[in-house]
Structures are given as structure tokens and as C-alpha cells.
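Please go through the fold, the core and the aromatic contacts of this protein. Keep it short and give the cut-offs.

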Amino acid sequence: MVSKSYRYKCLKENILEQDNYHIEPLRQEDMMKIKEYRNKQMDVLRQKQPLTDEGQVLYYQKVVIPLFEVEEPKQLLFSYFYNKELIGYGGLTNIDWEAKRAEVSFLVNPNRVKNNQLYEKDFQYFLNFLKRIAKQQLKFNRLFTETYDIRPFHVGILEANGFEFEGRMKEHVLINNEYVDSLLHGCLLRSVNNA
């Protein structure tokens, strides 16, 4: 199934490419694969129940499609590709247009997560795409993240890519019946040279 191609009104450039990677506005035909990725990695997400096929279709129709039609959407979600094959998705979420900030969201195929070198490369390219969009197109001031403190490798990639540790919320989430801290990181875009 190939769905209609959508564009975000707030972006001049909706597709970004570098080397063999590219992102484009979230496509409907990617939703079932994303559902699989999410359901296999619920421990690192703000997701309490497995997603369903019906729920994914409704989410795309009721939440995602309206994002394309407004000047200041609450989130910008992208399908993420390597060599034209879907490997994940993510984007800018919890956008505050007045404060010019957004939270980074990122998730890839769980098989790619298992390979540290591959995951680091995937995440770095994606962060660079988001920084380019946020700084150049949206003129945002900052990006931020919240990461559960069960992902030291993920945190290391953030910190190596301009995200500074800003705080720890102690015992903030319950994962597998154990309380886990949440780590907060931020990136001031004026200090980003390569975006």
C-alpha cells in the first residue's frame, strides 16, 4: 500500500538527505512496521500497552494527518530511511512555538539497536536532520530529551552530539517493577555549528 504524500506547511524542505540516509514526513504505509518497532521496545518509550493495527490506522488518520494542515503543529514526525529502506521514525514532539523548543523523539528497528556501531550512526544522522530542521527552518532555540537511565549507550550518543546533561528525575518511571531515573538533556541550537 502506498499512501498519499504529505508535507508540513511549516517546512520549506520536507525531505532531508545525507549520504544514504533520508527522512520524509511520516508515511501511512510505515505505520505497521513502526507499530512492531514500538511494541518490541516499550521499556524505552512512554507506552504502557502494545499498539494494535486498528489503533495505528486511527492514530495516523486522527492525529498525524491533521499535523500537515496547520501552521504550528504540536509535533513533526518523520519516516527514517537507509538506502531507501525504512529503518525507524521520530521527530520533534511537544513543540512549544512561543518558546521555540521541541523534544527529540527517535526509534529504530530493534535489530539495528543491537549493533552499537550501527545504532550510533543511525542516531547521529537523525539528530543532525532534526537540528537542521529546528535551527535553519523553524528558527528554534533549543531541543531537549528525556531518556530512561537504562540506556547509557544512547545517552553517550546524545552527549557526543551536543546535548548537555541538565538534570535527573529520580525514580521517575516504573520499568519491569523497578523505579528508574529519567535523564534530561538539552541542546541550545545557537551553539550548533554543523546544523
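**Basis**

This is a predicted model, in which local features need pLDDT of at least 70, side-chain atom pairs count only at pLDDT 80 or more, and totals for chains, interfaces and linings use all residues. Residues are numbered from 1 along each chain as its sequence is written, and side-chain values use heavy atoms, with hydrogens and water left out.

**Overall fold**

The protein has five helices and eight strands. Helices (H or I, at least four residues) and strands (E, at least two) are DSSP runs, numbered from the N terminus. Their order from the N terminus is β-β-α-α-β-β-β-α-α-β-α-β-β. The radius of gyration is 16 Å, close to the 16 Å of the globule rule for 195 residues, so the protein is as compact as a globular protein of that length. That radius is taken over C-alpha atoms, and the rule is 2.2 Å times the number of residues to the power 0.38. Along the principal axes, the C-alpha atoms fill a box of roughly 40 × 40 × 35 Å.

Of the 195 residues, 50% count as buried. Buried means under 20% relative accessible area, exposed over 50%, and partly exposed in between (1.4 Å probe, protein chains only). The accessible surface comes to about 10600 Å², and 46% of it belongs to carbon and sulfur atoms. The areas come from the Shrake-Rupley method with a 1.4 Å probe; for residues, only the protein chains shown count as cover. Take the contacts between residues at least 6 apart in sequence: 63% of them join residues at least 24 apart. Contact means heavy atoms within 4.5 Å.

**The core**

A nonpolar core is a set of buried Ala, Val, Leu, Ile, Met, Phe, Trp, Tyr and Cys residues joined through side-chain atoms within 4.5 Å. The largest one holds 50 residues, and Tyr8, Leu76, Tyr80, Leu92 and Leu138 touch the most other members. Elements that each supply at least two residues include helix H2 (53-68), strand E4 (85-96), strand E5 (101-108) and helix H4 (116-137). H4 gives the most, with nine residues.

Beyond four places in sequence, Leu92 touches Lys74, Gln75, Leu76, Ala102, Glu103, Leu130, Ile133, Ala134, Leu138 and Leu143.

Phe140 sits in the loop between H4 and strand E6 (142-148). Phe140 is buried, at a relative accessible area of 5%.

Which residues of H1 are buried? They are Met31, Ile34, Lys35, Tyr37 and Arg38. They cover an arc of only 165 degrees around the axis, which puts them on the same side of H1. The arc is that of the directions from the helix axis to the C-beta atoms. These residues pack against H2, E4, E5 and helix H3 (110-113). Met31 has a relative accessible area of 4%. Leaving aside neighbours within four places, Met31 contacts Leu26, Gln56, Tyr59 and Tyr60.

In H5, the buried residues are His154, Val155, Ile157 and Leu158. Their arc is only 160 degrees, which puts them on the same side of H5. They pack against H4, E6 and strand E8 (178-188). On the other side, Pro152 and Ala160 are exposed. Just after H5, Gly162 takes a positive phi of about 90 degrees.

**Aromatic pairs**

Rings of Phe, Tyr and Trp (its six-membered ring) pair if their centres lie within 6.5 Å; planes under 30 degrees apart count as stacked, over 60 as edge-to-face and the rest as tilted. The count comes to 15 pairs. Here are two of them.

| Pair | Centre to centre | Angle of planes | Type |
|---|---|---|---|
| Tyr8 and Phe68 | 4.7 Å | 35 degrees | tilted |
| Tyr80 and Phe106 | 6.2 Å | 65 degrees | edge-to-face |

Tyr8 lies in the segment before strand E1 (16-18) and Phe68 in helix H2, 60 residues apart. Both are buried. Tyr80 in strand E3 and Phe106 in strand E5 are 26 residues apart. Tyr80 is buried at 0% relative accessibility, and Phe106 is buried at 9%.

One aromatic cluster is formed by Tyr21, Tyr80, Tyr82, Phe106, Tyr119, Phe123, Tyr125, Phe126 and Phe129.
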